[in-house]
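Visitor: I would like to learn how to read a protein model. Please take me through a few features.

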Amino acid sequence: MSSRMEYIISPWEAETFIESLQASDLEDIGTKGWFEFHKRLMLLNQQCVLEINALREESIKEWFVNFKKIPILIYEAIQIDIWKHKVFPLLVELNTEPKNTFMLFTIFYHENIAVSLLENVLFHCESAETIDDSVLDLVDYAVKCVSLLLDTKSIEIYENLKGPNSCLEEILEKKEELEFDIGMRCISILRYLAEYCDNLPLSVISRMLTTHDVPYLLVQLIENHPWKKQNEEGENMIYSAGWKKEKSREEGKISKIEGQVWFGLRELLLNPKCAPYYEITEHRLSQLLKLQKYLYETVLDQISPLIELKRWLSYLSVSSSQSKAPQTINVELIPQIKTSIMEKYHKKWKKLAKHQSKFIYTTDTEYVKNAAQILSDAYDLDKLDCIDTKECCLCHETAKKRCSKCKEVWYCSRECQVKDWTKHKVICDKITKNVEPEEKK
């Protein structure tokens, strides 16, 4: 049996990458230098996921915190989000059908990587202390991305340009998938920010509660549960970094994403530091009381801290008057990242799209080949295999070892492999016979 690798990149490489990390420039997107930067960020994300899955010391998180580089991840996510809405539609308008999909996909995926790193790094409370004023930008960004989960039918104008089975159609589908995944990750980010309220400036609490009413947003998520759906066969599907069939033994089990929503609600509603910023008006009361019907025994058994939330809601429901938030003196800070990018390129979006067309829509096969070569190491299948959570072919528990012969089937233990061998042997031989002629070509 083959097992998983120790590192995606060596510790000294990862430390050097993070220490020297600088935010990219919007006009450089699509250039060779930008692809190199994307590759580095992707390798760091893979190493971060590997450390978490293997329950190892999380060195990537430590270096992002120690070198105070978390704001760069926030900047990268916001910058690509702006690019998607300001530059991408103009690129489509100027060039119509792209000759390949990987260049545009890489740009969209860059945002996903930045958010994935943010989600994993912000799991630790010490990250809140090194995040600086860019946390306000992160709140705005995360709220926007999560809100999109409740409005999946929104279609942008340029989507009407796509043709059947075209490269553009494929790109737009990938864009939609990535945006959904980003929204799901931002649920976790909002939960962590809610949890670290005591370590964050008061302006952040005000932004979450007074400006955006995050508790109302989280109630809408509980009501609409976008992490659940049924497939065409009527089977229940749960989202966890991709749609997966709900196993019979998992029925009634709270998914990780739903758990994040509940924890976020509990932190924001029960933290005394938040109360002055959240007046329980009649409208808010009616929304919050909707939560009571979802707090049944099986939920409370799985997340016992929600018992306290249920008591608080019961108190609200019988209280004769709404709570008045005390008047607070608060200096409102304005998020800077999005504003600074928008001001820098004001009335220059078309010029920027023409400039980037030279790289993203190039017909120079050598340039395309070089860009693909830069990314090939980061998209190495063995590396992707080792960070992807696998399921044992026999018992469906988490698997860390795979058949060393066909390299297609995974097992949790030697015992399961032996039990499954009689059945797997036939498939294994077929796969191996098909692969060997390909390798000789």
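Visitor: How many helices and strands does the chain have?

Guide: Helices (H or I, at least four residues) and strands (E, at least two) are DSSP runs, numbered from the N terminus. The chain has 19 helices and seven strands. This is a predicted model, in which local features need pLDDT of at least 70, side-chain atom pairs count only at pLDDT 80 or more, and totals for chains, interfaces and linings use all residues. Residues are numbered from 1 along each chain as its sequence is written, and side-chain values use heavy atoms, with hydrogens and water left out.

Visitor: Is His 110 buried or exposed?

Guide: Buried means under 20% relative accessible area, exposed over 50%, partly exposed in between (1.4 Å probe, protein chains only). His 110, found in helix 6 (residues 102–121), has a relative accessible area of 0%, so it is buried.

Visitor: Which residues does His 110 touch?

Guide: A contact means heavy atoms within 4.5 Å. Not counting residues up to four places away in sequence, His 110 touches Trp 34, Phe 37, His 38, Leu 41, Glu 76 and Ile 80.

Visitor: Why is helix 10 described as largely enclosed by the rest of the structure?

Guide: Because eight of the eleven residues of helix 10 (residues 214–224) are buried. The buried residues include Val 214, Leu 218 and Ile 222. Their cover includes helix 7 (134–148), helix 8 (167–195) and helix 9 (202–211).

Visitor: What follows helix 10?

Guide: His 225 follows helix 10, and its phi is positive, near 30 degrees.
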